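Here are some exercises to work through with the structure open beside you. Try each task before you read its solution.

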Amino acid sequence: MKLIRARDYDHMSRQAANIISAQVILKPDSVLGLATGSSPIGTYRQLIDWYRKGDIDFSQVRTVNLDEYVGLGPENVQSYAWFMRHNFFDHINLPIGNTNIPDGTNPDAAAECARYDRVIRGLGGIDLQLLGLGPNGHIGFNEPDEFFDKGTHRVALREATIQANKRFFDREEDVPRFAYTMGICDIMQASRVVMVVSGASKAAILREAFFGPVTPRVPASILQLHKHFTLVADEEALGEVAVSC
Ligand code: F6R
């Protein structure tokens, strides 16, 4: 694991954007695995800025998103498809046909998960996967469990996730209870993984995930075993980590 210590959220975002930008410059048709949530928004903002300055070209990039709420279509402002367009895709020259997100409107979970696994395989795997860290250690929507779930699957969101994500909805009852998510194998098979973590509220789970044992009870802990895993975290998120590495 490579740890990049950032001063704050903006610095973390620029550091992560630098890594993604280098990936796209070195391999213009890269497959980028993307995340939603608060953590990567600054990274997307920085990439948009560099795109506008003419420094990055996304025209050949392909993307696969980690997850989507079951029941929400791309026109729903709470959907991850909408989030991605609003926060990233609409502002760069990435053809929308090059982007992939699980289809939350497909009620047939087995068919949708099999389709998404085929999409990932068809792209030849992921060159760089961007991740955030869930409050309970989830990555994508791979929630704490007795085992690591391999491929794309339908998951029941844990109470901690519902509580954390209700800030994006008018009412807690509106938070979908199920999601489709890429599995742990899909994420672990990415050539490079970059995680952005910011803020004191993530300090305890960051320590548990990356300075404790590897366990499906803290799904992110599996990343300790990834050959090219880079953790970009700010001082507050690293507040409970005493070691330097
Ligand atoms: C989002 C995702 C989630 C988030 C995690 C952290 O696509 O897969 O795992 O990365 O819940 O969310 P934030 O960044 O909002 O704290």
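Two strands pair if DSSP finds at least two bridges between them; strands (E, at least two residues) and helices (H or I, at least four) are DSSP runs, numbered from the N terminus. This is a predicted model, where local features need pLDDT of at least 70, side-chain atom pairs count only at pLDDT 80 or more, and totals for chains, interfaces and linings use all residues. Residues are numbered from 1 along each chain as its sequence is written, and side-chain values use heavy atoms, leaving out hydrogens and water.

**Exercise 1.** Find the order of the strands in the open sheet.

*Solution.* Start with the order: the seven strands run β1-β10-β9-β6-β2-β3-β5, with parallel pairing. Next, look at the edges: β1 (2–6) and β5 (99–100) each have a single partner strand, so one side of each is left without a neighbour in the sheet. Then zoom in on one pair: two bridges join β2 (residues 31–34) to β6 (residues 128–131), and Leu32 stands opposite Leu128 in β6.
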